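Hi everyone, thanks for coming.

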Amino acid sequence: MIRRLGGYGGAGVLLLLLSLIFTLRIGSVELPAGRIFSILMHELPGIGKWFPQIWDAGEAQIVLKVRLPRIVLAALVGAALAVAGAAFQGVLRNPLADPFTLGVSSGSSLGAALIIFFGLRTALLGQWTLPLTAFVTGALTLTIVLALARDRGKLPIYGLLLAGVVMQSFLGAIVTFLSAMSDRPVNEILFWTMGSLNLRGWSYSLVLLPYVLIGGLFLWANAGAMNLFALGERRAGQLGLNTEGTKMTVLLVATLVTAAAVSVSGVIGFVGLIVPHMIRLIAGPDYRLLIPLSALGGALFLMWADTLARSLLGGAEIPLGVITAFAGAPFFALLLQRSKRGKGGSGSWIG
Amino acid sequence: MKAAGNRNKEIDKERFYRGTASVEAAPGRNRAKTILTGIAALLLTLSLAACGQSQSVAAPEPTKTETQTAEQAPAEAADTTEAVEAASQTVYPLTLTDATGTEVTFDAAPAKIVSLAPSETESLFALGLDEQIVGVSDNDDYPEAAKSKPKMGGFELNTEAIVAAQPDIVFVADVTDDATVESLRGLGLNVFKFNPDTLEDVINDIATYGEITDRQEEAKDVTDKMRADMEKVRTAAASIDEADRKTVYLEFSPGWTVGKGEFMDELISTSGAINAANATTGWSEVDAEAIIQADPDVILYSQLSVDPKTIKDRSGWAAIAAVENDRLFAIDDNLVSRPGPRLSEGLIEVFNAIYPDALQ
């Protein structure tokens, strides 16, 4: 297991670094690779002095304070959503579970929209107001979705999807209502429903980092339990697992990680769905591998998705959620088709 | 087709409300049924009447050919200015082509006017038409008297209120799309749309308002003042050295800027400055890289919705000249975004922010 993790993980990290180098070069302002390299090296303590400043201040700002933080933030958001998706799928034993389809993202965006609408962005808890509100509304939504979907103690795939869709449209309507009520020429709230990483500096990454690190490690620590869940909840219980307790804590932590990501980026769908399934196809169903590799995969996926979002139309932005939906929705349809034929992504799913 | 669809929707809505009301009034089921049937018949006649009416107003066949000729002709602007200079008294019936390419005929100066955009309301008030205005949009807040006028809806129009106001003319602007204009015409309303693209268009449109409402003298006072403002700024802008021309960044909604094709961009270029976002068109999300590279000298932001701190604190923006030298100025949104009589005041405000003390 450890050797395989090392192999896949090493490859993933390498890809991540390569992607970082490539995506750093892409932007609306043309910058030669050599200069970007020098700008980065100049910042490093010790060897910085070997790279004298031959660029103007604006170029350094573009690389260090616009491009780099945005790429790093994309990686963090992607990792957060993918890990949360893998965890949801693990404890719910449902191949189509993901923060978006379960309505958690919409729930979080409602919280964010309320905060924006009433101008409370930094009220009470400072910069933590938005993520925490997003968390509370996200967690409430998940509770409602699970309650709606539960059928004699089971969570059938279709029931869960329907409950998720119902909550999504309902919450979406509220968010749309709020954005209709705000009379500005451009709608800030609308941004939450489409997702974007534009104009995000390092502070956003700093807010998100602890959630991703601690949440991700916690979920990884529960990977063994998720493997047992795959055998069915009763078997898992017979094997000595506190199924209800584990399920609740994992769901809670995954929701928290999702909400933190949504609070900085808005709703970005399908990441938590596509990435874990891709990883399953590559590395198999073992959650001890799946959780960390999903984090890497999610980071890679969103890094590239965001690069497309900011570069496909030249200077104009495409909402990030649009890009991930273009990639994700067909994939979702494929999975739904497969689960209909009774062969889920892996392991034994309960339908 | 679309107009007909909307009309049906209206009727459905009406039927729904009347239906519930009558059920409440009538305890017996049969009675309710007879009443409903009666109402249905009534509605049928009403809708037939409405159809007939709409045909007489927006007669579909003849306008088609006229629309084509109207599109070929440059715009409403050219002939109206001539008219203003020629006569200060409007001769009715007056036929003008509006921005949708439809010919609208006025048999007399309209006695009841509904205005569905802030800019139009401002123009009409500037011509002293306070008494004639019987309805404004929810967003109309200038002058003070506009606030107490009956409201006809915002982005979603309150069609029933508009019809009930029985206006002789409904003035609409760019925000009211052509399909909505058509559906209003389908309800038998006389609708005239303005859609100015430039400062010059705005001035010409005000002259047109004067012509339609027989207020040409008043209109001339307004347009003369606007032209004088514009000329003052143009002269001052021409005296600025090429090397001293400033680059300006606009933020009139958090995280969004304004490029070509908007009035704000024209105000910048008329002031002899360069819009930092002139590679873009219309409203677009801020491309931080491009703005940092353009290195604007001055930042103008919306007084209503933008907190300058968010611009200054933005990652990587500290190196921008305007931020370094703290040259950020709040601009009254309504002055620079409404194509009305105060647009030239907006121009002066913008010019003064960019080049302080350059105006005499």
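**Helices, a core and an interface**

Let's begin with a pair of helices: H4(A) crosses H11(A) in a right-handed way. The names come from DSSP runs, numbered from the N terminus: helices are H or I with at least four residues, strands are E with at least two.

A quick word on the source: this is a predicted model, where local features need pLDDT of at least 70 and side-chain atom pairs count only at pLDDT 80 or more, while totals for chains, interfaces and linings use all residues. Residues are numbered from 1 along each chain as its sequence is written, and chains are lettered from A and ligands numbered from 1 in the order in which they are written.

Back to our pair. Helix H4 of chain A covers residues 104-117, and its axis is 9 Å from that of H11(A), at an angle of about 50°. Axes are lines fitted to C-alpha atoms, for helices over the stretch in contact, with angles from 0 to 180 degrees between N-to-C directions. That makes H4(A) oblique to H11(A); under 35 degrees counts as roughly parallel, over 145 as roughly antiparallel, 65 to 115 as roughly perpendicular, and the rest as oblique. On the H4(A) side, the contact includes Ser105(A), Ser108(A) and Ala112(A). "Contact" is for C-beta atoms, placed from the backbone, that lie within 7 Å. By class, there are 4 nonpolar, 6 polar and no charged residues. Nonpolar covers Ala, Val, Leu, Ile, Met, Phe, Trp, Tyr, Cys and Pro, charged covers Asp, Glu, Lys and Arg, and the others, Gly among them, are polar.

How do H8(A) and H11(A) run relative to each other? Their axes come within 9 Å and cross at roughly 160°, so the two are roughly antiparallel. Their crossing is left-handed. The residues of this contact divide into 15 nonpolar, 1 polar and no charged.

Now find Ala80(A). Beyond its neighbours within four places in sequence, Ala80(A) touches residues including Leu208(A), Tyr211(A) and Val257(A). Ala80(A) is also among the residues with the most contacts inside the largest nonpolar core, which has 176 residues. Helix H3 of chain A, residues 57-92, gives the most to this core, with 22 residues. Such a core is a set of buried Ala, Val, Leu, Ile, Met, Phe, Trp, Tyr and Cys residues joined through C-beta atoms within 7 Å. Buried residues have 20 or more other C-beta atoms within 10 Å of their own C-beta, placed from the backbone; 12 or fewer is exposed, and in between is partly exposed.

On to chain B, with its 15 helices and 12 strands. Of its 360 residues, 41% are buried. Which helix there is largely enclosed by the rest of the structure? H10(B) is, because 6 of its 8 residues are buried. Among them are Phe263(B), Asp265(B) and Leu267(B). After H10(B) comes Gly272(B), with a positive phi near 80°.

Finally, where the chains meet, chain B contributes 24 residues and chain A 22 residues. H11(B) gives the most to chain B's side, with 5 residues. That side has 10 nonpolar, 9 polar and 5 charged residues.

How values were computed:
Two residues are in contact if their C-beta atoms, placed from the backbone, lie within 7 Å. A crossing is left-handed if the near helix is turned anticlockwise from the far one by less than a right angle, and right-handed if clockwise.
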